[in-house]
Amino acid sequence: MDAGDKLKSVSEHMVLEAAEDYTPPSAAQRAPCGFSPDELKHFARDGAAGAASATAPPKRTSLSEEKKSALGVTYAAMPGGKRIALLKTLLTSACERDCYYCPFRAGRDFRRVTFKPDEMARAFLELQRARIAEGMFLSSGIIGGGARIQDQLIATAEVLRLKLGYRGYLHLKIMPGAERAQVERAMQLADRLSINLEAPNSSRLARLAPHKVFTEELVQPLRWVEEVRRTQPARLGWNGRWPSTTTQFVVGGADETDLELLSTTESLHRQVRLSRAYFSAFHPVSDTPLENRPAENPWREFRLYQSSFLLRDYGFDLEELQFSREGNLPLEVDPKIAWARINLADAPVEVNRADRQALLRVPGIGPKTVDAVLAARRRGRLLHMNELKALGVIVKRAAPYLLVDGRQAARQLSLFD
Ligand code: SF4
């Protein structure tokens, strides 16, 4: 089998991790309150309701999009917002572990493929030279223990960086069972490191992946990364910066609650400076112990993203979010709107006087828009909603909670209908 066929084989079975990208649920899966696709795009732009999404391909190449996708190439938004074609693949699709949700778990019957580090590095570089892929996200199944596979991942990164002179984006997975020295080496080679917690705590994890150890195997590497970043600021990564870290949760696979997921996410933001958590709605995979479990509603995933951004970027505390008695976010309402209905409906925010934090709490206003509003205020008083619209405010969402020059913004809305 050549490298291209191996990549296709991995991709065929891979349930792609969100990694750098996230696409909001489609209009067909619209929540009861019915946001339009346009509104969803606004959310993504403002960051309040979903990260930048993986959508339009940035460059044309001779290979069709279908063929690229068959190799495992997907379009992803980078931390700075730039979109690139990312090869997401595995060093081996063989695995000795038996996570209940995973298509690569031991014992599932399909043909496994394995790359040697040099082979993987060269295969990727060929795709990069042909402008089919611009960056790589490399993970792996586990054979012979996590530390052994981590060595192979590092060896691939070393071939790319040191032998082949690759200077593009590289996201490396940290394997459960990796050692501290390996994590430190990976930090010197990658732009981003991730380790999937899968579940918010050890008891939920036991229902998804009985042989993964929550604190020692999964949380500990994130702590090591943060310790290195904090104590060795001068010994930086390959491009002069230490890599960022992310994690992923399977949502809806272990009856975990949104409150559990967001509590763990919030403490990871705080304690190990996690850049972000990805939430992946559970989908049953045939021939696994969870094959009969129903797929999770993608709107749950979406509400978790919205809430995690409120916690990370908007100054919200977990206690301020609305949860049901069972500890879940309502699916039918944006969590920022749910908060604003209770807290701002009778106390709208004057756009000319409010500080950054208060403006950020208004639905339809995100971090970039706040900067634009504050800059415009320095030039003169804002008098009309059309000025706010030009600055990027989503006026229909913001109007019920804003005063513009002392007048209720909602009254001016008819101008936009
Ligand atoms: S260790 Fe990773 S690849 Fe192996 S079964 Fe678990 S999730 Fe799948």
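Trainee: Is Gln357 buried or exposed, and why?
Mentor: Gln357 counts as exposed because 10 other C-beta atoms lie within 10 Å. The cut-offs are 12 or fewer for exposed, 20 or more for buried and partly exposed in between, with C-beta atoms placed from the backbone.

Trainee: How should I read the numbering and the model?
Mentor: Residues are numbered from 1 along each chain as its sequence is written. This is a predicted model, where local features need pLDDT of at least 70, side-chain atom pairs count only at pLDDT 80 or more, and totals for chains, interfaces and linings use all residues.

Trainee: Which helix has Gln357?
Mentor: Helix H12, residues 356–360; helices are DSSP runs (H or I) of at least four residues and strands (E) of at least two, numbered from the N terminus.

Trainee: How far apart are Gln357 and Tyr314 in space?
Mentor: 7.4 Å, C-alpha to C-alpha, though they are 43 residues apart in sequence.

Trainee: New topic: what is the strand order in the open sheet of three strands?
Mentor: S8-S9-S10, with mixed pairing; two strands pair if DSSP finds at least two bridges between them. The edges are S8 (349–350) and S10 (407–408), each pairing on one side only.

Trainee: How many bridges join S9 to S10?
Mentor: Two, and the strands run antiparallel. Leu403 has Gln408 in S10 as its bridge partner.

Trainee: And what is Leu402 in contact with?
Mentor: Leaving aside neighbours within four places in sequence, Leu402 contacts Pro348, Val349, Val351, Val362 and Ala409. Contact is C-beta atoms, placed from the backbone, within 7 Å.

Definitions and conventions. Two residues are in contact if their C-beta atoms, placed from the backbone, lie within 7 Å.
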